[in-house]
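Have the viewer open as you read.

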Amino acid sequence: MAAPCKATVVLKAVKKIAVQFCPFESNTRSTREFLALVGSEKARATNINCQVVSTVKHDKSEPVVDVTYVDGEQLVMKGANLTCSEMMSAFQSRCTNKDPQTKAAAKK
Amino acid sequence: MAATLFAKFVPKHGWLPLTQTVRHGSKAVTRHRKPLHILKQKLLAVTKYIPPPQPFPRGAYPSESDHNQEDNGLMLLQKKDLKKIFEDYKMIAVVQNNCGNAEDMVILKHRLHKHGISVKFFPNKVTRPFLINSIYCNMAPLFIGPTVLLVSKEPKVKEMLTSLRASPQMTLLGACIDDTLLSVQGIVSYSKLPAMTVVQGELVSGLTMLTSHTASLLQRHPAHLSSLLQQYIKQQNPNNGTEASPTAEQAT
């Protein structure tokens, strides 16, 4: 339901992804699904230098995904009211914008 | 072309020639995308599927149907297994695993098995209703996404934490140790606790410190004790020395 259409997530333009959430809250479903997709072996194999760090807290804070790109840009997504597919589309659109060369070469 | 050839070769008494040239024009199976015939194009455009307009996107709201489905045999078995696990095992930790390959999982299982911790897999659809109906209902929100249970009879928290630190994809969410629900910080502080015997020893020694001190004092020689008392009185009343000393002599 929440999985993106493109099964592989390409992390070529990403330096670090930090996911923090509080598992006892009920608004963490989308963040956890996002983490499962991004932290999978396939995704990590696309870029070995990319760090995927997950922090588990217990202070009723909101779930936050902090993405740092190679060129210094940061994308902060607060997953409390977002679905996983929305987060994925936002993330992947920015990834494809950052990395147009490899994408164009692959498509051609 | 074929018709002319045919007419040329077939003689009057009608025998078929040895070679027959078949008409070859355009192929059906091509390597490139063959352009559609305009009629076929028109037909496809007319019969194209237009989905009905959705008032809200799919997945925005949870579906109201499928709430009460009967448990099939496998689910009942798994629920029984879960019940047994919660009864037998003292420590039940919930971990989210993002690792896709089985190799890492096998290595982790091996590492944990050395300390007597076993890894259990149950579908969330089975664990959630089981937990909600039992006393562990506060653990239910932990079971979202790919989760794994690490169970052990002895609460070996330190070893579990070291093994999990080695594999970065496994995220520890919480644990139920001795029927107490702990968060990650709670688990870390639990691992830093000393052993039960050490704690009990410290408590006992702290409580009996005063009484043991008194007992050791009383075992000293009485002359020593009386001299101590006299000194104490002198310290208490440095000005009224003459009044206090006759009372002290009467006491001894």
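B:Thr171 counts as buried because its relative accessibility is 3%; buried means under 20% relative accessible area, exposed over 50%, and partly exposed in between (1.4 Å probe, protein chains only). B:Thr171 sits in strand S4 of chain B, residues 170-177. Helices (H or I, at least four residues) and strands (E, at least two) are DSSP runs, numbered from the N terminus.

A word on ground rules: this is a predicted model, where local features need pLDDT of at least 70, side-chain atom pairs count only at pLDDT 80 or more, and totals for chains, interfaces and linings use all residues. Residues are numbered from 1 along each chain as its sequence is written, chains are lettered from A and ligands numbered from 1 in the order in which they are written, and side-chain values use heavy atoms, leaving out hydrogens and water.

Back to B:Thr171: its side chain makes a polar contact with the side chain of A:Ser54 at 3.3 Å. A polar contact is a pair of N or O atoms within 3.5 Å; within protein, one must be able to donate a hydrogen and the other to accept it, and residues adjacent in sequence count only if both atoms are side-chain atoms. Leaving aside neighbours within four places in sequence, B:Thr171 is in contact (heavy atoms within 4.5 Å) with residues including A:Leu35, A:Val56 and B:Val94.

Now for the interface as a whole. Buried area is the accessible area (1.4 Å probe) that two parts lose on being put together, summed over both. A salt bridge is a side-chain nitrogen of Lys or Arg within 4 Å of a carboxyl oxygen of Asp or Glu.

| Interface of chain B and chain A | Value |
|---|---|
| Residues in contact | 22 of chain B, 17 of chain A |
| Buried area | about 1,600 Å² |
| Share from carbon and sulfur atoms | 59% |
| Salt bridges | zero |
| Residue pairs in polar contact (both at pLDDT 80 or more) | five |

On the side of chain B that touches chain A, S4, strand S5 (180-182) and helix H7 (184-192) of chain B each supply at least two residues. S4(B) gives the most, with three residues.

What about A:Thr28 – buried or exposed? A:Thr28 is buried, since its relative accessible area is 1%. You'll find A:Thr28 in the loop between strand S1 (14-21) and helix H1 (29-38) of chain A. Not counting residues up to four places away in sequence, A:Thr28 touches A:Phe21, A:Cys22, A:Pro23 and A:Pro63.
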